[in-house]
Amino acid sequence: TLPEYLGGIMDLTGEVGRHAVRCAAKGRQGFPEVEMCLACVDAVYSGLQELPQLPGNIVKKMGALKGTLTKIEGVLYELALLSQGGLSVRAPPPTNFEAAEGGDRDQGDAD
């Protein structure tokens with residue numbers, strides 16, 4: 001049925017969003033794939049908005065679809081910032097904060 005088909009397409013956009021996040025983990029190399037994911041989700045969102053009326057249960061999924069679109073836009077923006085700044089993203093080496101600080105963190109100045 002039409003509602004089942006549209007629901008499946010909308011569920012697919014969630015998977016595309018997860019794929020975009022995985023691609024972003026590659027850094028600059030993942031930028032083209034994230035752009036493609038954004039184009040895919042945006043096409044679905046735009047196409048659904050052009051329909052004269054959506055079945056009742058599909059209207060509920062529009063918020064999640066918009067959230068996925070916004071998330072991918074944010075990921076793409078962050079990747080663009082990394083590309084422009086020449087930064088590289090690496091996890092910091094693990095440290096033992098308490099051992100390095102000598103114990104308790106909340107040893108502020110007593111006034």
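1. Buried here means under 20% relative accessible area, exposed means over 50%, and partly exposed lies in between (1.4 Å probe, protein chains only). Helices are DSSP runs of H or I with at least four residues, numbered from the N terminus. The model is predicted: local features need pLDDT of at least 70, side-chain atom pairs count only at pLDDT 80 or more, and totals for chains, interfaces and linings use all residues. Residues are numbered from 1 along each chain as its sequence is written, and side-chain values use heavy atoms, with hydrogens and water left out.

2. Helix α2 buries Val 34, Cys 37, Leu 38, Val 41, Val 44, Tyr 45 and Leu 48. Seen down the axis of α2, these buried residues fall within an arc of 130° and so line one face of the helix; the arc is taken from the directions from the helix axis to the C-beta atoms. On the other side of α2, Met 36 and Glu 50 are exposed.

3. The 20 residues of α2 reach 28 Å from first C-alpha to last, close to the 28 Å expected at 1.5 Å a residue. The expected span is 1.5 Å times one less than the number of residues.

4. Helix α1 (residues 2-24) has 23 residues and reaches 33 Å from its first C-alpha to its last, close to the expected 33 Å. Among its buried residues are Leu 6, Met 10, Val 16 and Cys 23.

5. Leu 54 sits in the loop between α2 (31-50) and α3 (56-85). Leu 54 counts as buried because its relative accessibility is 19%. Not counting residues up to four places away in sequence, Leu 54 touches Leu 48, Val 59 and Met 62, where contact means heavy atoms within 4.5 Å. Leu 54 and Leu 2 are 52 residues apart in sequence and 9.7 Å apart in space, C-alpha to C-alpha.

Terms used: Helix = DSSP H or I, 4+ residues; strand = E, 2+ residues; numbered from the N terminus.
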